[in-house]
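Hello,

Here is the structure we talked about handing over. Please look through it, then read my notes below.

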Protein chains: 2
Amino acid sequence: MSGGPEIEQLIQLLARLPGLGPRSARRAVLHMIKKKEQLMLPLSAALDRAVAAVRTCEICGNVDTASPCSICSDPRRGESGILIVVEDVSDLWALERAGAGQVRYHVLGGVLSPLDGIGPDDLNLDSLARRAGDYSEIVLAMNATVDGQTTAHYITDRLGPGAKVTRLAHGVPIGGELDYLDEGTLSQALRARTQI
Amino acid sequence: MSGGPEIEQLIQLLARLPGLGPRSARRAVLHMIKKKEQLMLPLSAALDRAVAAVRTCEICGNVDTASPCSICSDPRRGESGILIVVEDVSDLWALERAGAGQVRYHVLGGVLSPLDGIGPDDLNLDSLARRAGDYSEIVLAMNATVDGQTTAHYITDRLGPGAKVTRLAHGVPIGGELDYLDEGTLSQALRARTQI
């Protein structure tokens, strides 16, 4: 052990972040210490501010500094009538970065996974059922995994035939090479071909 | 942009740490927010404490919460008479993890690199020359790079023939396979072979 208990503790906590292990956490802390004025002090202040400000939106489950969040409280977002259901806040952010447009979201907080003991009561499904009536289209943007697709089927069943439920298109990713693509995606892309 | 300015700023600062990019910083922040009590609050507190406590040792250049650092102020460390010269604090920590024993260190803060404009005056070389007389052996533990070895030669010249200067052994890394090893290392390992 080098560097005193304060530094060691900081390394151990940083190492628990995804994508960082003990070795990279140590590197990160050393880098911080070397750039104390430019990086460590601002980071410390930013973390304090974020801790104080962060809350989960009571309507959609998004993470923001206000509740309802900026998306739920934006009236223009409601006009499209589109509600996109995602597994996780990170998926919501990814869709926003992709320019999803004037839509609203609903964060499930996970997917159905009997093996992990995650059932319908563990997800934000009741609130989705309540909200769904206010929207003309429910887009299921689950991950293309077995659990994600199971959850999408469950939601489709639960919302019933009255709701217009859609899902994201499957196909060749932009920049993807056919040779490296799995057969499932390729056959879906062929079936869903569009005219140029 | 999602999540409010406080969260966005935290992501941008985290993304400047080595090993983290914008994408992994976003994942890390989301993970933190999900584990606010177990991770975000302790991390914020640990960072505050580290900011307040961290200082650079005035003797050896190590990073610690006291100056002189715990290594320089430990009298047993002086008895061996061994001073290990390293490029960076991270190398000092690596040697400590490897169980270097009761030794002292000197952190140069870099290596000579004419291309990057780093000359002798930019490194802690004067203080090394002052300290060297108090030790019976100076171990040069520079990286096995061109710049590292140039710096080692420079230090050897500067300390003069009176000092006992050694360097780390070159050879086959533990667990390494000969087939994948470069010729330079292999020929060094052959020349420095030892009797079993």
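The second largest pocket has 18 lining residues. Nearest its centre are Met142(A), Ala144(A), Leu168(A), Ala169(A) and His170(A). Please note that this is a predicted model. The volume of this second largest pocket is about 470 Å³. Helix 7 (146-159) and strand 6 (165-167) of chain A each give at least two residues to its lining. Helix 7 of chain A has the largest share, with four residues. By type, the lining splits into 10 nonpolar, seven polar and one charged.

Now the largest pocket. Its volume is about 640 Å³. It is lined by 23 residues, and the closest to its centre are Met142(B), Ala144(B), Leu168(B), Ala169(B) and His170(B). Helix 5 (89-97), helix 7 and helix 8 (183-191) of chain B each contribute two or more lining residues. The lining holds 13 nonpolar, seven polar and three charged residues.

Next, the sheet in chain B. Four strands form an open sheet in the order 4-3-5-6, with parallel pairing. Strand 4 (104-107) and strand 6 (165-167) of chain B are its edges. The twist from one strand to the next averages 30 degrees. Strand 3 (residues 82-86) and strand 4 of chain B are joined by four bridges. There, Val86(B) sits opposite Val107(B). Helix 7 (residues 146-159) of chain B lies across strands 3, 5 and 6 of that chain, at about 160 degrees to strand 5 (137-140).

An unreviewed UniProt entry lists "domain: Toprim" at residues 81-173 of chain A. That span is 33% helix and 17% strand, and its end C-alpha atoms lie 27 Å apart.

Best wishes

Technical notes:
Residues are numbered from 1 along each chain as its sequence is written. Chains are lettered from A and ligands numbered from 1 in the order in which they are written. This is a predicted model: local features need pLDDT of at least 70, side-chain atom pairs count only at pLDDT 80 or more; totals for chains, interfaces and linings use all residues. Side-chain values use heavy atoms; hydrogens and water are left out. Two strands pair if DSSP finds at least two bridges between them. Axes are lines fitted to C-alpha atoms, for helices over the stretch in contact, and angles run from 0 to 180 degrees between N-to-C directions. Contact means heavy atoms within 4.5 Å. UniProt positions are given in the numbering used here, feature names are shortened, and annotations may be inferred rather than shown by experiment. On a 1 Å grid over the protein atoms alone, a cavity is a set of points where a 1.4 Å probe fits but cannot get out, and a pocket is an open set with protein on both sides within 12 Å along at least five of seven lines; lining residues have an atom within 4 Å of a point. Grid points are joined across faces, edges and corners, and a volume is the space filled by probe spheres set on the points. Ala, Val, Leu, Ile, Met, Phe, Trp, Tyr, Cys and Pro count as nonpolar, Asp, Glu, Lys and Arg as charged, and the others, Gly among them, as polar.
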